[in-house]
Amino acid sequence: MDVITQWLDWLPSLGPGLLVSLQLTGLSLLFGFPLGLLFAVMASAKLLPLQWVSFFFVEIGRGLPALVLLYLMYFSLPDAGITLTSFTTAVIALSWNTGAYASEYFRAGLAAVPLGQKEAALTSGLRGWTGFRMIILPQALRISTPPLAGLAVLIFQGSALAFVIAVPELMSKAFEIGSITFEYLSVYVLTAVIYGSLTLVFLGLVRVLEMRLGRHLQRN
Amino acid sequence: MITQLLSSIAQGVGLTLYVTAASLVIGGLIGLVLVGAARSPVAIIRGIATLYINIVRVIPPITWLFLIYFGLPQFALKLTTIQAAIIGFSIIASAFMAEIYRSGLLSIPDGQREAAHALGLSAVTTVGHIITPQAFRVALPAIATYGIGLLKDSALASTIGVREITYYAQQSAKQTHEGLLSFVVAGVLYIAISLVVALIARRVDLTLRRKIGVA
């Protein structure tokens, strides 16, 4: 019972940390997913330089450890005369990371839409952007939504990395409590429980989403 | 400047590889036990294995590392940073490797097992000579991909003070004020190692395929 009262004492100070973690995740997804879609579209663009730009950003975003990406931003932006808060830096780095991974899922989704759909859109007079937005994209999104939702869960876990550049998120708060009370084991177990249970909830939501999206495929 | 940075950051390559490889091997072995347990006829063992895999996967790697490195010494279990990192990543790898093995096993048709049984092979021989070689071939690309993922995750070990690539990059960034360059060098090293691992895995995969006679 000792542990329980201890945990209850700590929850008020961990709460704001969790909020920052969730904000960080939310913002990274908000910027990262459109970025990923952009990279995916650029990868199949007719203009070669666009393909190169997409390749460059995607391969760096996926090839580097998220931690290195984070440090890269954190240590290099101030040298370039750009001073941002550590939170903003973390959002940029995680968005890049998200965008790079998401672009692969978007690409797979776009590739899965049959060519006939595009041709049909063309013959119906829906050219270019209109056809893409109204015919191709909705079908592609339905295919790439489940893996994207899975990615969102991973990004939530990845948000813990922002700890290293002193963003006051859940991990930092736990570390703070740990270094004051020396109850490292207890506080990290609590942190693990918080991360774990939230991840489980998110995974459950992903499952529900997958079932709803696949509903039209289940005949009788 | 770049050569200087490169030579100081490259000192970390050894430990990066060591932590990654050790965790992959230990995690891979525990994963074998786990996948065996997950298919056990005893419901409780099955339940424990599944629970373990799920618990490990839903907790962020950095939380695992801190839990082990800062938490365990409370039980007078003093660990060096490298030990803590290897234990942490082995635990994480074991769960993911178990999942990879599972999908490899699922890809083997039941007919193989039945055929082995019909030929009078014992359960051990069946698993050792019929199922595992085939499952391994299926699982190899996934193992290589996970190995590369683990390589990138191993950067986290720098947060508890393991002197690997990211650690040295951070040191150089602080000392030389060449933040961008230091981490670009670190990034290039990671990508180079990933490429080498991917190439080796492809070679092994091709050799295995040729041996069996597909493609």
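In this predicted model, H8(B) passes H9(B) in a right-handed crossing. Chain B, to which this pair of helices belongs, comes to nine helices and zero strands, while chain A comes to eight helices and zero strands. The two chains touch: 28 residues of chain B are in contact with 27 residues of chain A.

**Helices H8 and H9 of chain B**

- The axes of H8(B) and H9(B) come within 8 Å and cross at roughly 165°.
- An angle over 145 degrees counts as roughly antiparallel, and H8(B) and H9(B) are therefore roughly antiparallel to each other.
- On the H8(B) side, the contact is formed by B:Ile165, B:Thr166, B:Ala169, B:Ser172 and B:Ala173. These meet B:Gly179, B:Ser182, B:Phe183, B:Val185, B:Ala186, B:Leu189 and B:Tyr190 in H9(B).
- Sorted by class, the contact of H8(B) with H9(B) holds eight nonpolar, four polar and no charged residues.

**Chain B as a whole**

- Along the sequence, chain B follows the pattern α-α-α-α-α-α-α-α-α.
- Its C-alpha atoms fill a box of roughly 70 × 50 × 20 Å, taken along the principal axes.
- Chain B has 215 residues, of which 40% are buried.
- Of the contacts in chain B between residues at least 6 apart in sequence, 75% join residues at least 24 apart.

**Helices H2 and H5 of chain B**

- Helix H2 (residues 13-38) and helix H5 (residues 81-106) of chain B pack with their axes 5 Å apart, at an angle of about 45°.
- That angle makes H2(B) oblique to H5(B).
- H2(B) passes H5(B) in a right-handed crossing.
- The contact of H2(B) with H5(B) is made up of 18 nonpolar, six polar and one charged residues.

**Chain A as a whole**

- From the N terminus on, the elements of chain A run α-α-α-α-α-α-α-α.
- The C-alpha atoms of chain A fill a box of roughly 70 × 55 × 25 Å along the principal axes.
- Chain A has 220 residues, and 38% of them count as buried.
- Among contacts in chain A with a separation of 6 or more, 75% are between residues 24 or more positions apart.

**Helices H2 and H4 of chain A**

- Helix H2 (residues 48-63) and helix H4 (residues 86-112) of chain A have axes 8 Å apart and pack at an angle of about 110°.
- This makes H2(A) roughly perpendicular to H4(A).
- H2(A) contributes A:Phe57, A:Val58, A:Gly61 and A:Arg62 to the contact. H4(A) contributes A:Trp96, A:Asn97, A:Gly99, A:Ala100, A:Tyr101 and A:Ser103.
- By class, the contact of H2(A) with H4(A) has five nonpolar, four polar and one charged residues.

**The interface between the chains**

- The side of chain B that touches chain A, with 28 residues in contact with 27 of chain A, draws two or more residues from each of helix H3 (43-58), helix H4 (61-71), helix H7 (123-153), helix H8 (165-176) and helix H9 (179-212) of chain B.
- H9(B) gives the most to this side, with eight residues.
- The side of chain B that touches chain A divides into 17 nonpolar, nine polar and two charged residues.

**Residue A:Ser76**

- A:Ser76 lies in helix H3 (residues 66-76) of chain A.
- With 18 C-beta neighbours inside 10 Å, A:Ser76 counts as partly exposed.
- A:Ser76 and A:Val53 are 23 residues apart in sequence, and their C-alpha atoms are 20 Å apart in space.

**Annotations from UniProt for chain A**

- An unreviewed UniProt entry places the feature "domain: ABC transmembrane type-1" at residues 18-206 of chain A. In the model, this span is 82% helix and 0% strand, and its end C-alpha atoms lie 20 Å apart.
- Under "transmembrane region", the unreviewed UniProt entry lists residues 20-41, 53-74, 80-97, 148-167 and 187-209 of chain A.
- Residues 80-97 of chain A are 67% helix and 0% strand, with end C-alpha atoms 21 Å apart.
- Residues 187-209 of chain A are 100% helix and 0% strand, with end C-alpha atoms 33 Å apart.

Methods: Residues numbered from 1 in each chain as written. Chains lettered and ligands numbered in written order. Predicted model: local features only at pLDDT ≥ 70, side-chain atom pairs only at ≥ 80, totals over all residues. Contact = placed C-beta atoms within 7 Å. Helix = DSSP H or I, 4+ residues; strand = E, 2+ residues; numbered from the N terminus. Nonpolar A, V, L, I, M, F, W, Y, C, P; charged D, E, K, R; others polar. UniProt positions renumbered as here; feature names shortened; annotations may be inferred. Axes fitted to C-alpha atoms, helices over the stretch in contact; angles between N-to-C directions. Parallel < 35°, antiparallel > 145°, perpendicular 65-115°, else oblique. Left-handed = near helix turned anticlockwise from the far one by under 90°. Buried ≥ 20, exposed ≤ 12 C-beta atoms within 10 Å, placed from the backbone.
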